[in-house]
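Dear colleague,

I am passing on the structure below, and after it come notes on what was found. Please read them with the sequence beside you.

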Amino acid sequence: MATGAKIKKGQLLLEFDIEQIQQEGISIVTPVVVPVGQDLVKQVDVLQESNQETQLNSDLLRIQL
């Protein structure tokens with residue numbers, strides 16, 4: 001995927017083996033960074049708490065510009 005490419009809801013961005021990562025003792029916490037345009041972010045709503053199991057295509061955050 002090229003830098004600046006437009007993505008759609010539900011579009012596959014990457015795949016990984018989460019069990020292998022956990023077996024290696026690596027944290028599976030994933031930060032979300034908005035490096036360009038962060039001054040445009042008015043509000044971030046958490047739609048799913050971190051202790052809940054995530055389902056495919058479920059919304060986790062809503063970033064309002």
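Among the contacts in the chain with a separation of 6 or more, those between residues 24 or more positions apart account for 19%, where contact means heavy atoms within 4.5 Å. Please bear in mind that this is a predicted model, in which local features need pLDDT of at least 70 and side-chain atom pairs count only at pLDDT 80 or more, while totals for chains, interfaces and linings use all residues. Residues are numbered from 1 along each chain as its sequence is written, and side-chain values use heavy atoms, with hydrogens and water left out.

The chain has 1 helix and 2 strands, and from the N terminus on these elements run α-β-β; helices (H or I, at least four residues) and strands (E, at least two) are DSSP runs, numbered from the N terminus. Of the 65 residues in the chain, 3% are buried, with buried meaning under 20% relative accessible area, exposed over 50%, and partly exposed in between (1.4 Å probe, protein chains only).

The chain exposes about 6,500 Å², and carbon and sulfur atoms supply 53% of this area, which comes from the Shrake-Rupley method with a 1.4 Å probe; for residues, only the protein chains shown count as cover. On this surface, Val32, Leu40, Val44, Val46, Leu60, Leu61, Ile63 and Leu65 make a nonpolar patch of about 730 Å². Patches are made of residues with over 30% relative accessible area and no salt bridge, like charges being joined within 9 Å and nonpolar side chains (Val, Leu, Ile, Met, Phe, Trp, Tyr) within 5 Å. Strand 1 (43-46) and strand 2 (61-64) each supply at least two residues of the nonpolar patch, whereas Val32 has its place in the loop between helix 1 (18-23) and strand 1. Val32 counts as exposed because its relative accessibility is 57%.

A search of the whole structure finds 1 salt bridge, that is, a side-chain nitrogen of Lys or Arg within 4 Å of a carboxyl oxygen of Asp or Glu. Asp45 forms a salt bridge with Arg62, and their closest N and O atoms are 3.9 Å apart. This pair links distant parts of the chain, with Asp45 in strand 1 and Arg62 in strand 2, 17 residues apart. Asp45 counts as buried because its relative accessibility is 17%, while Arg62, at 42%, counts as partly exposed. Leaving aside residues up to four places away in sequence, Asp45 touches Leu60, Leu61, Arg62 and Gln64.

With regards
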